[in-house]
Each structure stands twice: as structure tokens, then as C-alpha cells.
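Have it open while you read, and go through the points in order.

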Amino acid sequence: MSIERHSTDDHAQEDVESTISRDATLAADVDAQGLDDVPGRPRSALLTGATGYLGGFLLADLLSGTDTVVHCLVRGDSPDEAGARLRGALARHGVDEGEAERVRVVHGSLTKRRLGLTDDAYLELARGIEAIYHCGAWVNLIAGYPALRGSNVGGTVEVLRLATRVRRTPVHHVSTIGVLMTAYEAGAGPLSEDHPLPPPGGVGYFKSKWVAERLVRQAAERGVPVTVHRPGVVLADSSTGLGSASDWFMRLTAVSVRAGCSPSYDFLLSLAPADFTSRSIVELSRRPQAAGRIFHNFLPEPMTLADYFSFVESCGYHVPAVPYPQWLATVKGLDGVDRATVRIAESLPRILLRPRNGVPTYGTSGATAAAIGSNVTPPPLDRAYFARMFAELVRQGELPPRKRTAVR
Ligand SMILES: NC(=O)c1ccc[n+]([C@@H]2O[C@H](COP(=O)([O-])OP(=O)(O)OC[C@H]3O[C@@H](n4cnc5c(N)ncnc54)[C@H](OP(=O)(O)O)[C@@H]3O)[C@@H](O)[C@H]2O)c1
């Protein structure tokens with residue numbers, strides 16, 4: 001790399017850092033002090049991200065597990081298109097007509113002031129909701145922080161502003177375990193829920209979610225009742241095997257199957273099926289003792305990347321571990337591999353930061369488990385679970401049919 005290129009990169013890096021530091025201070029008008037509390041259990045809520053993977057599960061679980069009216073912020077070229085997109089999410093989750101009657105579409109965007117609503121519509125929404133489930137975000141592990149900050153940081157500010165417009169509206173914020181990535185890299189562990197937020201690091205997406213969490217914590221200091229949920233890698237539904245094929249981790253899996261090898265990479269994955277992640281969020285949101293706390297919404301037992309690929313092997317795909325550079329070269333040499341997948345493969349060292357000092361685990365404290373209680377039983381991530389997940393990926397054409405019989 002030339003010196004000139006190097007200094008340009010350094011400037012770009014400095015710009016991002018100063019933007020992050022500016023963005024990480026919450027606007028002064030977002031303040032809940034002096035506002036009234038929501039009385040009792042929420043009768044209606046706003047959900048962001050309902051058309052996405054985890055948000056679709058949240059929508060279905062809010063409808064089946066509560067009697068809340070669910071207003072969903074949905075993008076679209078028109079209100080009709082937003083409504084059609086939301087009906088698609090309901091259909092994917094098999095929500096019945098009776099429950100779907102409790103759904104309202106709010107045509108708007110996280111990137112817009114007042115979420116893109118008129119003054120009147122915004123005020124009506126603020127008056128009408130008694131909780132916010134903020135799951136919407138641009139989940140993109142290859143875009144830079146400047147591209148992601150509108151949706152992930154600006155969107156969080158808009159959600160917090162709405163939460164303080166009329167009353168102290170509780171916010172259930174969906175963060176990510178990636179906000180702790182630099183502490184993981186430093187090898188400091190175990191990383192429990194109350195570990196101090198370390199400096200931001202890793203890919204731009206983690207940084208944008210880090211800033212969002214910082215803002216949410218500042219809102220808490222100003223009286224907004226916030227609960228933070230940090231999923232790890234959200235995997236397929238435990239009963240149907242239905243996952244999100246466009247998700248980075250599924251792309252990594254599918255391209256490794258195509259390449260016939262997996263990256264030998266020292267990393268402990270914090271995993272949970274999407275249904276467990278979603279139910280734990282909904283269940284915790286209904287527990288008064290969970291308010292104001294941070295939760296790690298994944299299974300207590302982490303899994304090494306090597307063990308994960310052993311499950312891929314057990315489902316009939318030959319993916320021996322090879323050194324990361326060899327795996328990357330093989331992936332890049334595949335016929336017809338799409339650019340986004342190559343960029344995810346190239347970014348792996350910034351997505352899965354290598355711990356410098358022993359491998360720390362992320363804690364899911366006993367308190368989390370107790371708060372979730374027996375209502376949400378952690379499903380086993382065993383051979384049968386992965387068989388369902390891979391069968392579904394084959395059905396969707398994301399994976400080739402298995403090449404050989406299972407070895408386990
Ligand atoms: N998937 C994981 O493994 C994982 C792990 C940890 C944390 N999380 C967190 O979980 C949440 C959901 O993730 P996901 O995997 O379900 O993502 P996803 O499938 O990409 O869904 C993202 C959702 O956010 C919406 N959204 C994005 N930008 C928006 C905007 N400007 N205005 C309005 N809506 C917008 C999307 O709407 P459109 O349909 O219009 O695009 C979609 O509904 C995110 O907060 C993510 O950070 C996910």
C-alpha cells in the first residue's frame with residue numbers, strides 16, 4: 001500500500017471516529033423527565049423491523065402472546081405497498097386473521113424526521129402507543145458506518161424521541177452482542193450483561209449498533225424506561241428450520257458448502273434460534289423486574305465455529321477446516337459467487353475479531369434465565385435441529401442437496 005493511500009485511509013478513519021463521537025451524544029430534546037408513566041401493561045405498541053427476519057417473529061409472538069395492538073413502521077413507495085409488505089410478513093408466520101386484526105401499518109422510515117409521518121399522524125401515534133419494540137435496523141456487515149448511521153443511529157434517536165413525545169413510553173431495544181466486540185477481542189471475560197460498554201470496534205454495523213446502545217442508555221438516564229436485548233447469531237426457527245438465507249452467517253455457511261471447505265477460525269459463537277430470541281424478548285418485556293436491564297438473548301452454551309461446521313458435516317456436507325487465506329481464495333475462485341458474499345468473506349477478520357488473550361465467553365446470567373423463566377424453554381441445537389435448518393435451505397435452493405449420507 002502506498003503512503004498516500006495509507007494517509008487517505010487514516011483520514012477516513014479519523015472522520016468516522018469523530019462522527020461516531022458526535023453521534024453518541026443524545027439530542028437534548030429527548031428527555032422523559034416530568035412525563036407521566038404508562039399505566040399497567042401496554043394495550044398497544046409500535047414495532048419497527050416487522051418485515052425483517054427477527055421482527056417477523058416478534059410480530060407473530062406479540063400477536064399470539066399478548067393482547068397488544070401492534071403498530072408496525074414499514075417502508076414502501078406508498079401506504080398500500082407498505083401494507084402489502086406487512087401482510088407478507090404475517091403470511092410467512094402463518095398469523096391467523098383474528099390476530100392480524102390487531103395489526104396497524106404505519107407507513108414511514110427510520111431515516112426520516114418524525115419517522116416520515118405528518119405532525120398529526122406522529123402525535124396520534126405517540127398518544128396511541130404504550131410500548132416500543134425497536135428491532136428495525138440496516139443489518140449489513142459490509143457497509144461502512146457513514147452509510148448505516150441514518151437507519152441505525154438516526155432511527156434510534158427518532159424512536160427515543162417518539163418515546164418521550166407524550167409520556168414515558170417503555171422502549172425494548174434490540175441491540176447485538178457485537179457491541180461488546182472490542183472487549184471480546186481484548187480477551188476480557190466472561191462478558192456478562194453488566195460488563196461496561198467497551199470502545200466501538202469491528203465492522204461499521206457493530207459500530208452503528210454500539211452508538212445506538214449508547215444513545216439508549218443516555219435516554220435511560222433521562223427517565224426513559226429502556227430494556228436492552230442483545231441477540232447473538234440468530235439462527236433458523238427451532239421447529240420449522242426456516243431461516244434467513246440472506247443473513248451473513250447463512251451466506252458464510254452456504255458458500256463454505258459450495259467451496260467444500262470451512263475457515264479454520266478461533267471463535268466462540270453465541271447462538272439461538274430466532275423463535276427463542278423473539279420469545280425471550282417478548283417474555284422479558286412483560287416482566288416488571290426486567291425493566292431497565294440488559295439481556296443476552298442467546299443460549300447459555302456457546303459453540304465454536306469448528307463445532308458449528310461439524311454439524312454442517314453431520315448433515316452430509318464435506319467442509320473440512322482449512323486456513324482462512326486458503327478458504328478465502330477458494331471462495332473467491334468459485335464460479336458465479338456474488339460480490340456481497342465475497343465481501344463478507346473478506347471482512348471475516350473484522351466480523352469475528354480474534355481474541356488476543358484467551359477466548360472469553362459471553363455470559364447469560366442466571367438472572368436472565370430466571371427472568372425468562374419456564375415460559376421460554378431453550379431448544380437444543382443438536383443434529384436434528386441443524387438437519388431441519390439445512391433441509392429448509394436446500395428447499396429454498398440456497399444449498400445443493402446433500403452429497404453423502406450423514407456421518408453421525
Ligand atoms: N440477525 C441476527 O443474527 C442478529 C443478531 C444480533 C442482533 N440483531 C438485531 O436484530 C434486529 C433485526 O435483525 P434482522 O436480522 O431481523 O434484520 P433484517 O431481516 O435485515 O430486518 C431488518 C428490518 O429493519 C427494517 N429497516 C431497516 N432500515 C429501515 C428504515 N430505514 N426504516 C424502517 N425500517 C427499516 C427492515 O425493513 P425493510 O423490510 O423495509 O428492509 C426490516 O424490517 C436488528 O436490530 C439487528 O441489529 C440481529
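Is Ala131 buried or exposed? Keep in mind throughout that this is a predicted model.

1. Ala131 counts as buried, because it has 24 C-beta neighbours inside 10 Å and the cut-off for that label is 20 or more. You'll find Ala131 in the loop between helix H5 (119-128) and strand E4 (132-134). Setting aside neighbours within four places in sequence, Ala131 is in contact with Pro42, Ala45, Thr169, Pro170 and His172.

2. Next, the ligand. There are 28 residues around the ligand, and those that come nearest are Gly52, Tyr53, Leu110, Ala137 and Val234. By class, the shell splits into 13 nonpolar, 12 polar and 3 charged residues. Three elements each supply at least two residues of the shell: helix H2 (53-65), helix H6 (145-163) and strand E7 (233-235). H2 gives the most, with 3 residues.

3. H6 also packs on another helix. Its partner here is helix H8 (residues 204-221), at an angle of about 20 degrees and with the axes 9 Å apart. That angle makes H6 roughly parallel to H8, and the crossing of the two is right-handed. On the H6 side, the residues that meet H8 are Tyr145, Leu148, Arg149, Asn152, Val153, Thr156, Val157 and Leu160. On the H8 side they are Gly204, Tyr205, Lys207, Ser208, Lys209, Val211, Ala212, Leu215, Val216 and Ala219. Sorted by class, this contact has 11 nonpolar, 4 polar and 3 charged residues.

4. Two backbone angles deserve a look. Most residues other than glycine have a negative phi. Arg114 is not a glycine, yet its phi is positive, at about 50 degrees. Leu115 has a positive phi too, near 60 degrees, and is likewise a residue other than glycine. Arg114 lies in the loop between strand E3 (103-107) and H5, and Leu115 is also placed in the loop between E3 and H5. What about their surroundings? Arg114 is partly exposed, with 17 other C-beta atoms within 10 Å, whereas Leu115 counts as buried, with 22 C-beta neighbours inside 10 Å.

5. Now for helix H13 (residues 339-351), which packs with helix H12 (residues 324-332) at an angle of about 170 degrees, their axes 10 Å apart. H12 is therefore roughly antiparallel to H13. Tyr324, Leu328, Val331 and Lys332 of H12 make the contact with Val342, Ala345, Glu346 and Leu348 of H13. The class count for this contact is 6 nonpolar, no polar and 2 charged residues.

6. H13 meets helix H9 (residues 248-259) as well. Which way do these two run relative to each other? The axes of H9 and H13 come within 10 Å and cross at roughly 95 degrees, so the helices are roughly perpendicular to each other. From H9, Trp248, Arg251, Leu252 and Val255 meet Thr341, Ile344 and Ala345 in H13. This contact has 5 nonpolar, 1 polar and 1 charged residues.

7. Met250 is buried, with 21 other C-beta atoms within 10 Å. Beyond its neighbours within four places in sequence, Met250 is in contact with Gly243, Ser244 and Ala245. The C-alpha atoms of Met250 and Leu235 are separated by 8.4 Å, and the two residues are 15 apart along the chain.

8. My last stop is Ser270, in the loop between strand E9 (268-269) and strand E10 (271-273). Ser270 is buried, with 24 other C-beta atoms within 10 Å. Leaving out neighbours within four places in sequence, its contacts are Ile177, Gly232, Val233, Phe298, Pro302 and Tyr362. Asn375 is 105 residues from Ser270 along the chain, and the C-alpha atoms of the pair are separated by 21 Å.

Key
Residues are numbered from 1 along each chain as its sequence is written. This is a predicted model: local features need pLDDT of at least 70, side-chain atom pairs count only at pLDDT 80 or more; totals for chains, interfaces and linings use all residues. A residue is near a molecule or strand if its C-beta atom, placed from the backbone, lies within 6 Å of it. Helices (H or I, at least four residues) and strands (E, at least two) are DSSP runs, numbered from the N terminus. Ala, Val, Leu, Ile, Met, Phe, Trp, Tyr, Cys and Pro count as nonpolar, Asp, Glu, Lys and Arg as charged, and the others, Gly among them, as polar. Axes are lines fitted to C-alpha atoms, for helices over the stretch in contact, and angles run from 0 to 180 degrees between N-to-C directions. Angles under 35 degrees count as roughly parallel, over 145 as roughly antiparallel, 65 to 115 as roughly perpendicular and the rest as oblique. A crossing is left-handed if the near helix is turned anticlockwise from the far one by less than a right angle, and right-handed if clockwise. Two residues are in contact if their C-beta atoms, placed from the backbone, lie within 7 Å. A residue is buried if 20 or more other C-beta atoms lie within 10 Å of its own, exposed if 12 or fewer, and partly exposed in between; C-beta atoms are placed from the backbone.
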